[in-house]
Amino acid sequence: MTSTKKDPVIVVLQLTGGNDYFNTVIPYNDPLYVDNRPAVHYEQDQIIKIDDQLGFMPTMGPVKNLYDQGKVAVFHGVGYPDSPRSHFRSMDIWHTCEPDKVGTEGWAGRLARELDPNKENVLTAINFGHGLPRALVVPGVPVAAISDLSNYGVLTGISDVSQRSKALDLFQRMYSPAIGSGMVTDYLRSTGMEAMVGADIVKVAPEMYSSSVEYPASPIAAHLKDIAQVHLAGLGTRIFYTQHASFDTHAGEAAAHPKLWQDVSEGIAAFFEDLHAHGEGDNVVMYLFSEFGRRVHDNGSGTDHGAAGVAFAIGDNVKGGMYGEYPSRKAEDLEQGDLVPNYDFRGLYTTLVEDHFGLDAQPIVNGQFEKLGFL
Amino acid sequence: MPNKESLAQMAHLMRRAGFGATREELDRYVAMGYEATVEELIDPPQDMPAGNMALLLRYMPGCLLPGGVPQPGQYNWMFNMITTKRPLEEKVALFWHQVFATGNSKVDNCDQMLEQLVMFRKFGMGNYREMLVELSKNPAMLYWLDNNENHRDAVNENWGRELLELFSMGVSNYTEVDVREASRAFTGWTIAAKLPRQPFGRFPWAFEYLAEDHDDGEKTFLGHTGDLNGEDIIDIIAKEPATARFICRHLYNFFVADEVQVPAWTIQDARDEDALEMMINAFEESGYEIKAVLRTMFNSDFFKNARYSKIKSPAEVVASTLKMVGSYQTPEPTIPDIGPESTYMGQSLLDPPSVEGWYTGQEWINSGSLLARINFVADRVANTSLPGVSAIIGHIKSNGVNSPEELVEASLEHMGFLEVGDETMSQLLDHAKAEGNMNWNDEAAAGTRVGEMLALVGATTEYQFG
């Protein structure tokens, strides 16, 4: 639990495409690592050693710095039984917590509903990027989607002030709730109203923001910078969501994977540096996940879809270190050539919901799952 | 003068089978008749050209071979959507791009993405089995799903799996063993040596079959055993009832009315089972001809009665708006700006988020994308200097539109014979009445007023449907 009275905040950073666990937190002393990865492995002297068994892949230096400060928790062998090895199905499962049927509600959307049951703040949850991930979609729960914070509003093209104000009045009337207009139209109306109200509030964030922290030039860093601005403006946003892609390294992994993690690691470092420079961040937990890990043996150029993966929590109040067991890499222990998950991802959500937000996790994750003591 | 109902019916057909139509085009189609129009769309005469590539080559040569950057490829395609005289061919290409979703984020070669589009235009309305064979040989697809890394001694399942899961049958109609066997059958289907980018630059890819890299051992796929090769797999897939159902449901979802999202198809009934049956029959009886399904579908009552039952995709919003306002009939210097517009609304053409394509229908809408849609349309239709807008204003003026009621009605007609609910209607009327009758003596101010009314119609909830 946070010791201050500030409301707890989560930043979800989704590593879309299936991050290669085996090549991210590397059991470098295990001969099975290089044996299984004749084409796609990192050299011993490049791996950033954590202890005598494990190391981060070479471009995770900024994450290692935070790890050394005790702010990074690493979760091993995360997944769920019977991985379908399909991006979409797997991402759906992570988003909805429904491994056995197709779910329609996202866990982070349900969390937003619990945090703001009366919908008092249309900015309780914001996705930074185009569109909404399913994790944030729950009918009737407003979630903003901001692709670019600097240009966000309704009918921004009408420059005449009085005409724009009349047009906005009409817009507001047209998008007010109405009875019997049908499910999709109801959804359009509420989305339109939320957009209008949210745009009005959020426009102060870039105006208030000033910082000496330089973010690197990458899409994920740009989103994290927007998140920092909105968080620092104190608009009551509790759930920030963004993603980086594509970790789907079937081929050319040796070139693609380091660049992906370089952008993510440098962005995260700048983000926390920015928050700390403003005396903030102690109530923020960042959570990183991917829909699955990748196959143990490489395919000559990359790696195919696998099962168990790695997740991370980063923050001032996170109890850093290693959690859980790295799944066995021995051939006889693999399932269809994949690491077998030994920890259900819904336990991480449960820990975050209960020990960070202080809410009952059961209705959010649809069941009871083993927690980990990282908060 | 055609009656309003036939114009509205035709406007519906052209929104679905194309990217909308100008008033002049609607008049021509209505004069020709509905079924004859469907035939022209399905089988366009040779003298009706697709987008004018010669013009693009002259003014914007870079966008014909855009290399690794999607944007030039995106505005190239958007120019095609806006100017083509073969609108259904282009719409069908967009359909296959959604189903056989291939992304430049990985392909990193937009030249090949555009080449894939050419293939969709050429084969998209033809035989589905042939289409799958072409797709299996398409270099962008081979690279996107790693079949160039699928070797006799090191099977890569990516293409084999998605062929079954997303391009033909859908999940739960095959086993993991079938995935493996299909992948084995496609070993050796690759692209000719991909030269390194440095110092050669991007090199055109070509399909290549390497017999020595093909696993010619015995395979058993969906109950068929033998030395199966890729085409054998496709023959088997095409005949599967699950395939007919899956492809027809995609066509229904794209052209008729929004379905639930694809992953829910195994557990949720079709929106209109009778309609789907009709389409499946047309597919199977014709020997998997897409044209046959399209003909049955467009001429059916279920299609004609499905006005405004789909949320427009971002590509449809951008293309139909630009077509309506008459922009970019030639490659104007600012044409690169239209490349990313649909991206801002959640649909980055040539670069879908994944091989599953985009989530469609209601999922196009969130507060960010709704703002982007409304603002894009408003900024264009309120710009009275654009040729299409000034033509609409001229039309409205010459029709003697004077009262606020007439202004609202005419604006709805020009925005695609949009049907709005009673409440929206009364709110638009209240807004119009506050400024009284039209004053055509001040032509500029009257034009501005029409443009603003068009923008407000574009901002309604109803206009988000197509």
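Predicted model: local features only at pLDDT ≥ 70, side-chain atom pairs only at ≥ 80, totals over all residues.
Local features need pLDDT of at least 70 and side-chain atom pairs count only at pLDDT 80 or more, while totals for chains, interfaces and linings use all residues. Residues are numbered from 1 along each chain as its sequence is written, and chains are lettered from A and ligands numbered from 1 in the order in which they are written.

**View 1. The side of chain A that touches chain B.** Contact joins 48 residues of chain A to 41 residues of chain B (two residues are in contact if their C-beta atoms, placed from the backbone, lie within 7 Å). On the chain A side, the elements that give two or more residues are helix H3 (87-96), strand S7 (144-146), H5 and helix H6 (183-202). Helices (H or I, at least four residues) and strands (E, at least two) are DSSP runs, numbered from the N terminus. H6(A) provides the largest share, 11 residues. By class, this side of chain A has 21 nonpolar, 19 polar and eight charged residues; Ala, Val, Leu, Ile, Met, Phe, Trp, Tyr, Cys and Pro count as nonpolar, Asp, Glu, Lys and Arg as charged, and the others, Gly among them, as polar.

**View 2. Packing of H6(A) against H21(B).** The axes of H6(A) and H21(B) are 9 Å apart, and the helices pack at an angle of about 90 degrees. Axes are lines fitted to C-alpha atoms, for helices over the stretch in contact, and angles run from 0 to 180 degrees between N-to-C directions. The two helices, H6(A) and H21(B), are therefore roughly perpendicular (angles under 35 degrees count as roughly parallel, over 145 as roughly antiparallel, 65 to 115 as roughly perpendicular and the rest as oblique). From H6(A), Thr191(A), Gly192(A), Glu194(A), Ala195(A), Gly198(A) and Ala199(A) meet Ser367(B), Leu370(B) and Leu371(B) of H21(B). This contact of H6(A) with H21(B) has four nonpolar, four polar and one charged residues.

**View 3. Packing of H5(A) against H24(B).** Helix H5 (residues 161-174) of chain A and helix H24 (residues 422-433) of chain B have axes that come within 10 Å and cross at roughly 165 degrees. That makes H5(A) roughly antiparallel to H24(B). The crossing of H5(A) and H24(B) is right-handed (a crossing is left-handed if the near helix is turned anticlockwise from the far one by less than a right angle, and right-handed if clockwise). Leu170(A), Arg173(A) and Met174(A) meet Thr424(B), Gln427(B) and His431(B). Two nonpolar, three polar and one charged residues make up the contact of H5(A) with H24(B).

**View 4. Packing of H21(B) against H25(B).** Within chain B, the axes of helix H21 (residues 367-381) and helix H25 (residues 443-458) come within 8 Å and cross at roughly 160 degrees. H21(B) is thus roughly antiparallel to H25(B), and their crossing is right-handed. Ile374(B), Val377(B), Ala378(B) and Val381(B) in H21(B) meet Gly451(B), Leu454(B), Ala455(B) and Gly458(B) in H25(B). The residues of this contact of H21(B) with H25(B) are six nonpolar, two polar and no charged.

View 5. Val143(A) lies in the loop between strand S6 (125-128) and S7 of chain A. Val143(A) is buried, with 28 other C-beta atoms within 10 Å (a residue is buried if 20 or more other C-beta atoms lie within 10 Å of its own, exposed if 12 or fewer, and partly exposed in between; C-beta atoms are placed from the backbone). Not counting residues up to four places away in sequence, Val143(A) touches Gly109(A), Ala112(A), Ala125(A), Ile126(A), Asn127(A), Leu132(A) and Leu136(A). Thr191(A) is 48 residues from Val143(A) in sequence and 8.5 Å from Val143(A) in space, C-alpha to C-alpha.
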